[in-house]
Structures are given as structure tokens and as C-alpha cells.
Amino acid sequence: DTLRRFQCANHRCVARYQICDGVDNCGDGSDENNMTLCATRQKPCDLYTQYQCANKKCIDRAQICDYADDCGDSSDELGCHHTSTCSALTKGGCEHHCHNLTDGGYICACYPGFIIDGENKKHCLDIDECATGTHKCSHICTNLNGTYACSCRDGFRLADAVSGVCKAVKDDVTVVFSSGPEIRAYDLKINDQFDVIAGEKRIEALDYSPSTQMIFWADSYDKTIKRSYMVNARNGKSRSVSLRILN
């Protein structure tokens, strides 16, 4: 199950939430590779001096249950119980796990992908990463219990099992971009650039309609929105053939 499990370089499988958690769960270090897999991952919190919020932020342990939202998502306050303590056996009644506080009391905490229920301080609710925008999917995000899954639109596929980045299936891809007074295109297959639109003044926004092969752009100097067909753009013919000012 690649949605919930990660295959290590030694073919062992570990839970996906254990990736880049600062612990060599694989046994060969492949789930903690700081050069590739974990290069953009947030460093784990210090187990002895810090507390990890539901949003992965690290705060000082002294800030837990201090009646202030230090996490930014209230996960350092939602599960607070200011009397009694919890044990490893009973977990203080917490659904997932608990932490005893230095000055007495304890806090219920949840597994990654969950947060304490605001109406029940011992119950954990799933975090909808897709709705909150805390996912890394470049195309489509599907919420799952405790995690989420990325998928791609037609014509694209996931670049790998971790990043959530989608890449075109075909290699005949052209990237169109603006550069001051001109619009240029970059052909990834032949590694070459060419002009699409030239002689404008200050292009600051552009869009492209693949169904009509038409490109739209805004020139902030002229305060105009224009369009042109991409037909024969490589030969520089598109601008003279079908330039239209829309406003």
C-alpha cells in the first residue's frame, strides 16, 4: 500500500508518517536521506525540550497548556488536563497518546494527520489536508484518514511516491513564459528556446488555451489585455497573423 507505506532501499516497509522523523526506521537510513527524500522536510522537534504541534511546528515544552495558542492551530491547548497525570497503560483516557506536564497535569496528543477534537479533549479528529491547504499535491489531493493522497490530471503522472509533483507523460512539452517585453517558449524535448510574442512593453501576466491554441497576456505599460494564436510561433508568424487587443 504505497499510500500508507514507504519501501526502504533494503526493501523493508515502514509507515509513511515515519519518513523524515529523525529516526532510522528503515535500518539503512533511506527514510532519513537529507540529500533527497528529506531535503525539504521540516526537521523533527527535540524530544526532550520541544513539543511538536499538529501542524508540525515545534514549540518549547514550557509553552504547553499555558493558555496561549503557541502552535497556531491550538494543538498545544486543546488536549490539556490540568489535574492528575497519565500513565503509559491508561494514557489518561487519551485516544492516541499523552504527555505529562512538568508542573502537573497532562496533555492528550494525536498521531500525525490528526488533531484533538475541540469538543472532546481526549478524542482525535482527522485533519483534512486537502481542505486546509497543508498538502504538497501539485494537481489533485484526496483526503484519507490521517493522511492524504496525490494524483494527477490526464496526461500527467506522479514524478515519485513522495513529493506530490506531477510530470507530463509525454516528453514533447513546451513551457511558455514572459520576460519583460516578450513571451518566449522553451521546448523541453530539444532543449531550445524561441520567441512567441516580441515587441511588447511590459508583460506581467499570461495564460494559454490549449483547445484553441491561443495565448493571452496583459501589458501593464499599455494597460491592455491581448491575445494571439500560437500557430507557427516558432517561425515568428503568430503575432502578425492574429494579434487582438481585447480591452
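I began with a definition: a residue is buried when its relative accessible area is under 20%, exposed when it is over 50%, and partly exposed in between, using a 1.4 Å probe and protein chains only.

**Entry 1. The model**

I noted that this is a predicted model, in which local features need pLDDT of at least 70 and side-chain atom pairs count only at pLDDT 80 or more, while totals for chains, interfaces and linings use all residues. Residues are numbered from 1 along each chain as its sequence is written, and side-chain values use heavy atoms, with hydrogens and water left out.

**Entry 2. The whole chain**

I looked up the secondary structure and found 2 helices and 20 strands. Both are DSSP runs numbered from the N terminus: helices are H or I with at least four residues, strands are E with at least two. Of the 247 residues in the chain, 32% are buried. I then looked at contacts, meaning heavy atoms within 4.5 Å. Among contacts between residues at least 6 apart in sequence, 21% join residues at least 24 apart.

**Entry 3. Disulfides**

I wrote down what the bond is before counting. A disulfide is a covalent bond between the sulfur atoms of two cysteines. The rule used here is a pair of cysteine sulfur atoms within 2.5 Å. How many disulfides does this rule give? The count comes to 10. I looked up three of these pairs, one after another.

I took cysteine 152 and cysteine 166, whose sulfur atoms are 2.1 Å apart. The torsion about their S-S bond is about -90 degrees, so this disulfide is left-handed. Cysteine 152 is in the loop between strand 11 (147-151) and strand 12 (156-158) and cysteine 166 is in strand 13 (residues 166-168), so the bond ties together parts 14 residues apart in sequence. I checked burial for this pair: cysteine 152 and cysteine 166 are both buried.

I went on to cysteine 65 and cysteine 80, which form a disulfide with an S to S distance of 2.0 Å. Why is this disulfide called left-handed? The torsion about the S-S bond of cysteine 65 and cysteine 80 is about -100 degrees, so the disulfide is left-handed. Cysteine 65 sits in the loop between strand 4 and strand 5, and cysteine 80 in strand 5, so the pair ties together parts 15 residues apart in sequence. Cysteine 65 and cysteine 80 are buried.

I then looked at cysteine 94 and cysteine 108, a disulfide with sulfur atoms 1.9 Å apart. Its torsion is about -70 degrees, so it is left-handed. This pair links distant parts of the chain, with cysteine 94 in the loop between strand 5 and strand 6 (97-100) and cysteine 108 in strand 7 (residues 106-109), 14 residues apart. Cysteine 94 has a relative accessible area of 4% and is therefore buried. Cysteine 108 is buried as well, at 1%.

**Entry 4. A sheet around cysteine 80**

I followed strand 5 into its sheet. The sheet is open, has 3 strands in the order 5-7-6, and pairs in the antiparallel sense. Which strands are at the edges? Strand 5 and strand 6 are, as each pairs on one side only. Two strands pair if DSSP finds at least two bridges between them. Strand 5 and strand 7 have 2 bridges, antiparallel. Cysteine 80 stands opposite isoleucine 107 in strand 7.

**Entry 5. Aspartate 70**

I found aspartate 70 in the loop between strand 4 (58-60) and strand 5 (80-81). Aspartate 70 is buried but has no salt bridge, a salt bridge being a side-chain nitrogen of Lys or Arg within 4 Å of a carboxyl oxygen of Asp or Glu. The nearest side chain of opposite charge is lysine 57, 6.9 Å away. For charge, Lys and Arg count as positive and Asp and Glu as negative, while His and the chain ends are not counted. Not counting residues up to four places away in sequence, aspartate 70 touches Lys57, Ile59, Gln63, Asp76 and Glu77.

**Entry 6. A hairpin**

I looked up strand 8 (residues 114-117) and strand 9 (residues 120-126), which pair in the antiparallel sense over 4 bridges. A hairpin through 2 residues joins strand 8 to strand 9.

**Entry 7. Serine 209**

I located serine 209 in strand 17 (residues 203-209). Serine 209 counts as buried because its relative accessibility is 19%. Leaving aside neighbours within four places in sequence, serine 209 is in contact with Met214 and Phe216.
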